[in-house]
Amino acid sequence: DICNTTTTCKFVLCSPRFCRMPVDYPTLSYWLDSPSSSSISSEHREVVWDVVVIGGGLTGISAAYWLKRLAPEKSVCVVEARDVAGGATGRNGGHCWASWDKDTIDSIDTWGKENIYRGIKWVYDSAAEFLEFLKENKIECDLRITGGIQVASNQEEMDLFRKHISFLNAESCNYGEMEICQQNRIKEVMPKAIGGIFHPKAAQLWPAKAVRGISLLFEKEGGVIYTKSKVISVDHTENGIIEIRSETKGWRAKQVVYSMNGYTSRLRSDLKDIIKPVRGQMLATSPVSPLVSPYSLNINDGYEYLIQRLDGRILFGGMRWKSSHEHKEIGETDDSSIDSSVQSSLRDTLSSLFPSITENGGLNITHEWTGIMGFAADGFPVIGPLPPPPSSSSSSSSSS
């Protein structure tokens with residue numbers, strides 16, 4: 001069912017590129033410029049694994065951990081092209097908070113109220129459980145509950161926010177305890193904003209450290225991780241064994257989990273119109289004083305996003321719509337370079353939104369990087385069992 005979509009999607013229409021594997025020398029993310037992101041790789045074993053997970057980001061490492069935790073008798077390994085968290089997980093904005101899509105209310109006629117309520121609850125429960133998991137397992141990842149604001153830059157956005165909060169409150173499904181944020185609360189942070197939605201449970205963290213911590217838990221459970229191993233083929237054989245090959249190694253498995261995010265269609269061409277790679281871009285500054293924002297910020301319907309760390313360092317991303325590329329970074333899998341138009345837009349926008357930065361000496365950019373995300377054509381998660389690829393006979397696969 002996950003491969004069936006009737007949505008006519010811009011991703012399908014405007015992204016003809018063939019999905020490539022991760023490049024060898026990507027731009028250096030702030031989150032990965034740390035000894036905590038060092039490589040780990042296990043000695044190769046000639047066995048038939050119960051499960052091989054392809055992809056060592058948040059989804060892949062978490063899936064592997066829970067598989068091993070819930071079924072300790074099963075043999076599970078992770079195969080990652082770079083280091084743990086070397087893809088999108090180590091290249092994002094450092095946010096950890098549940099949000100909502102602007103079309104949620106309008107989707108009621110399509111999906112029904114009960115399904116919408118279940119979806120909203122699932123999103124907020126998932127975020128809360130993840131934060132609790134990090135705390136319970138004492139994973140050191142600079143986790144802080146800061147609160148977050150979805151910023152309204154114009155009256156149309158503000159009216160939509162009010163409509164959404166009213167709906168959630170009326171239906172008793174405001175699981176995030178969100179509330180309307182008036183202009184007087186946000187004007188000291190963003191003078192040009194007219195209000196927004198305040199998310200009291202929003203958090204920020206060091207994503208690569210978080211996933212590295214989960215990977216250590218996985219290894220303690222008996223799991224195995226292979227890094228620097230780009231999978232180039234997955235073959236489903238007649239005897240039910242799946243053969244996975246990198247450029248130098250091979251694995252045999254009973255089941256495979258694809259947790260490759262934007263790179264999924266490189267091995268599963270049947271998903272090329274379902275999951276599209278999209279390149280995002282970010283920057284990090286040196287510590288800024290005084291504090292610009294105590295909150296995590298979601299701006300321009302999520303197309304821009306910002307956090308400020310305890311040391312005053314600002315991390316700001318987005319502006320993909322300013323890309324010089326024809327397809328606005330959709331279909332792009334090369335994170336070894338940055339787009340100069342996006343670069344200048346990020347710098348200019350940050351200075352414009354927060355004039356105090358310029359007044360206090362201007363921007364000192366320490367890191368600029370890109371990362372490859374995976375966008376689903378219909379906006380929904382792609383998770384569940386997959387049929388064998390068209391060229392294979394039989395076996396079991398899952399996508400997450």
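Analyst: Let's start with the term itself: a salt bridge is a side-chain nitrogen of Lys or Arg within 4 Å of a carboxyl oxygen of Asp or Glu. In this structure, Arg82, Arg91 and Asp335 are linked in a network of salt bridges. Keep in mind that this is a predicted model: local features need pLDDT of at least 70, side-chain atom pairs count only at pLDDT 80 or more, and totals for chains, interfaces and linings use all residues. Residues are numbered from 1 along each chain as its sequence is written, and side-chain values use heavy atoms, with hydrogens and water left out.

User: How many salt bridges does the count come to by this rule?

Analyst: Side chains of opposite charge can pair when their charged atoms come close. Here the count comes to 17 salt bridges.

User: Which residue forms a salt bridge with glutamate 171?

Analyst: That's lysine 113, with the closest N and O atoms 3.4 Å apart. The pair links distant parts of the chain, 58 residues apart: glutamate 171 is in the loop between helix H5 (155-170) and strand E6 (179-182), while lysine 113 is in helix H4 (residues 113-136). Helices (H or I, at least four residues) and strands (E, at least two) are DSSP runs, numbered from the N terminus. The chain has ten helices and 19 strands.

User: Is arginine 268 buried or exposed?

Analyst: Buried means under 20% relative accessible area, exposed over 50%, and partly exposed in between (1.4 Å probe, protein chains only). Arginine 268 has a relative accessible area of 1%, so it is buried. It forms a salt bridge with aspartate 270, the closest N and O atoms being 2.7 Å apart. Aspartate 270 counts as partly exposed because its relative accessibility is 29%. For the chain, 51% of the 400 residues count as buried.

User: What does isoleucine 357 touch, not counting residues up to four places away in sequence?

Analyst: A contact means heavy atoms within 4.5 Å. Isoleucine 357, in helix H10 (residues 355-359), touches Val288, Val292, Ile314, Leu350, Gly362 and Leu363. With a relative accessible area of 2%, isoleucine 357 is buried.
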